[in-house]
Amino acid sequence: MISNKINEYPKYWAECYGTAPFLPTTRAEMDALGWDSCDIIIVTGDAYVDHPSFGMAVIGRLLESQGFRVGIIAQPEWNNKDAFMSLGKPNLFFGITAGNMDSMINRYTADRKLRHDDAYTPNNEGGKRPDRAVLVYSQRCREAYKETPIVLGGIEASLRRLAHYDYWSDKVRRSVLLDAKGDILLFGNAERALVEVAHRLSEGEDIANLTNIAGTAVIRKELPEGYKEIDSSRIEKPGKAMVMPNPYATEENCETNKAAKQEEPAAKPVQIQPSRHDAATTAIRLPSFEKLRNDRILYAHASRVMHLETNPYSARALIQRHGDRELWINRPPIPLSTEEMDFVFGLPYARVPHPAYGKAKIPAYDMIKTSVNIMRGCFGGCSFCSITEHEGRIIQNRSHESILSELEDIRDKVPGFTGTISDLGGPTANMYRLGCSDPRAEKNCRRPSCIFPEICKKLDTDHKHTIDLYRKARKVDGIKKIMIASGVRYDLAIESPEYIRELVTHHVGGYLKIAPEHTEKGTLDLMMKPGMGTYDRFKELFEKYSKEAGKKQYLIPYFISAHPGSTDEDMLNLALWLKKNDFQCDQVQNFYPSPMCNATAMYHSETNPLKRVKYKKREDLFVAKGERQRRLHKALLRYHDPANWPLIREALVSMGKKYLIGDRPNCLVPEEGSEAEMTPAQRRGSGRHGSKRFATKHPNQPDIRKDGKRGGKSHNGNGNSNGRKPVSGSKPGAGKNGGSNKNGAGKPSLRRGEQGQGQGQGQGQGQGQRKSPNGSRPNRNGSQGQRQGGKPTRARAR
């Protein structure tokens, strides 16, 4: 290995073939390029869109820049091996990814109902990828070419790299690396690891020997030479009680101290001793898969240990036994520098879907085609979001020059561009160029969040770089309007009122979506979110600067129902807050337990892994499980929907809150019989009053025009009758609950999730109040990230 920078490796010999207009998807396209074979073939669950928000495009173009010939097999027919042989045998390896979202989050709702659409498929057609796509695709590649190495990546592989709780089967499953029978798994933003793997294989190394690459998971037979192991396979037991000195032994102590002083040796220079646990040569043993499968409290402990080992500079390797095999998780990858980020996003993307799709619409592409991803990562640490576990806490930034260049590319290359940029953002809109002001502290910090329970004193919260970027972007020729569709982290924004002024004055189209997530302190603490006082302060500044700008603009808050730790009483208080503030939410998402995030460990274990886990005297949590309980929590957020009134009335009576039923101002729902006043359309749940069609209303928000007709144009000028701006900033590949998949290729789809990229595609997947193009809201996380992430791949900010 000559260089650690991804843009400084010597090129592979096939560089002589040059750059392909599109990476080939058929033998005919390979023939047109003069190729007799592919060096690497990427198999993906998404349609092939040659755009930096799609994982397979980022990975493919990155490998092409290294001189390799890269082919794409997109959404293959998986019932037999034929489609996996369409490009022939790859010379180096198959790269397997489920796409910008976890395939299970992509295919199923938070209520485990099958979706019939898919935003990453032409014409939004569902059913074009299998459940657990990584496993199925890997099996077919093995059948096609048994000896060809298989490299796993993307959000699905990244967030399932360890034994993990799987919501859809309601059990702990093995690492996907073992189930898929892959050779190596790349997690997180995987460009650095992927480039090293490709070059070392091209130099003739056996893939079985690639065991020490940061950001990878492999199977090892034994502990490497020079390593020492810390056993954390059992819940820690308290040590011996400290023996207190005799409180009456004052004289003896004094005499002892005097004698010690007389014999005290001469002073010596102070020497700083290295840590007794050198991260580079230490591994932590997690509980085995077999133990976690049957012990939910031990699972919470393992989750806690894993989350403490996410800092790429100080994290230690993890070991986990699966049967008679040892799963070895190397340290997380070192974040890309600004130079490397510019290199990745400056590759020759066509920025449009592959021509084979003709005029078919791909919803995820339509949402992100005029948006720009300016950064990766998130230091918020929200427990329902998987972005941190995928992309890390350290923000990876692009330069102003690179971002402005992409704006010009959009202007010149995107068909039908009207001059409006739908988003400048990432997992969070306002974390660009923010980070720790103390490099030494940053490299050793193990805090899960830099801003909870309060903003770290070492965190730089100056938004000047973001403000300057916005101002420069508005001056680009041909750019008429720039919207900010990524979520704004408002607890950071209030640290920079000038940023709020800039945002409100120039980049809000009538509505700004932010995510308080809840109103009750107990639940917010488990979410690792700030209290409502911070929301009130941001709202005050938002309204102040909107008034100064002469604009009528509104905040639209997102909330999560059925989050672990949120009781019926908590949800009722949230519903009462919504009614008091005249909010009627149409975008309501039940918590989606995406793999690996802290809140999923809470859901499964019913205990709090944010604190030290014990069998006795642990903090047990109420968790809404079962269809009826989860329906109730969701119904409370939609208290205004008549279809929910019977369920809410029943719950209020059982809670002893019958006084909240009636027509008085402080009541939540009317008395039984009020349904008689509903129109036929309301009773059917169809039309404008359908259960999925309630507009998110805000106090003073006009619903009727002066001429008495319903308004057909929203405040943001997009012509939506409900006044809501389309979620155009969603980025495939980035994630909070949804799946940000993001590994570095696109914006997270995470739980909202995330940022993703093929062999390392991210997606914060997570909880998700922000809808993805197909109507799903992956758990942030992701962000899709899955913030699972949320928008299709971008996790919305918490």
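Before the helices, one term: an axis here is a line fitted to C-alpha atoms, for helices over the stretch in contact, and angles run from 0 to 180 degrees between N-to-C directions. Please keep in mind that this is a predicted model.

With that term in hand, take helix H23, residues 627–637, and helix H24, residues 645–654. Their axes are 10 Å apart, and the packing angle is about 105 degrees. Angles of 65 to 115 degrees count as roughly perpendicular, and H23 and H24 therefore stand roughly perpendicular to each other. Which residues of H23 and H24 make the contact? From H23 they are Arg628, Arg631, Leu632, Ala635 and Leu636, and from H24 they are Leu647, Ile648, Glu650 and Ala651. Sorted by class, the contact of H23 with H24 has 6 nonpolar residues, 3 charged ones and no polar ones.

S21 and strand S22, residues 554–561, are joined by 5 bridges.

Helix H18 (residues 497–506) and helix H20 (residues 532–548) have axes that come within 9 Å and cross at roughly 50 degrees. That angle makes H18 oblique to H20. Is the crossing of H18 and H20 left-handed or right-handed? The crossing is right-handed. H18 contributes Pro497, Ile500, Arg501 and Val504 to the contact, while H20 contributes Phe538, Leu541, Phe542, Tyr545, Ser546 and Glu548. The classes in the contact of H18 with H20 are 7 nonpolar, 1 polar and 2 charged residues.

Last, the other sheet. This open sheet is formed by 10 strands, in the order S2-S1-S3-S4-S7-S8-S12-S11-S10-S9, and its pairing is mixed. Its edge strands are strand S2 (70–74) and strand S9 (228–231), each of which pairs on one side only. From one strand to the next, the twist averages 25 degrees. Within this order, strand S4 (residues 150–152) and strand S7 (residues 184–186) pair in the parallel sense over 2 bridges. Leu152 stands opposite Leu185 in S7. Helix H4, residues 133–144, lies across strand S1 (40–44), strand S3 (93–97) and S4, and runs at about 160 degrees to S3.

Terms used
Residues are numbered from 1 along each chain as its sequence is written. This is a predicted model: local features need pLDDT of at least 70, side-chain atom pairs count only at pLDDT 80 or more; totals for chains, interfaces and linings use all residues. Side-chain values use heavy atoms; hydrogens and water are left out. Two strands pair if DSSP finds at least two bridges between them. Helices (H or I, at least four residues) and strands (E, at least two) are DSSP runs, numbered from the N terminus. Contact means heavy atoms within 4.5 Å. Angles under 35 degrees count as roughly parallel, over 145 as roughly antiparallel, 65 to 115 as roughly perpendicular and the rest as oblique. A crossing is left-handed if the near helix is turned anticlockwise from the far one by less than a right angle, and right-handed if clockwise. Ala, Val, Leu, Ile, Met, Phe, Trp, Tyr, Cys and Pro count as nonpolar, Asp, Glu, Lys and Arg as charged, and the others, Gly among them, as polar.
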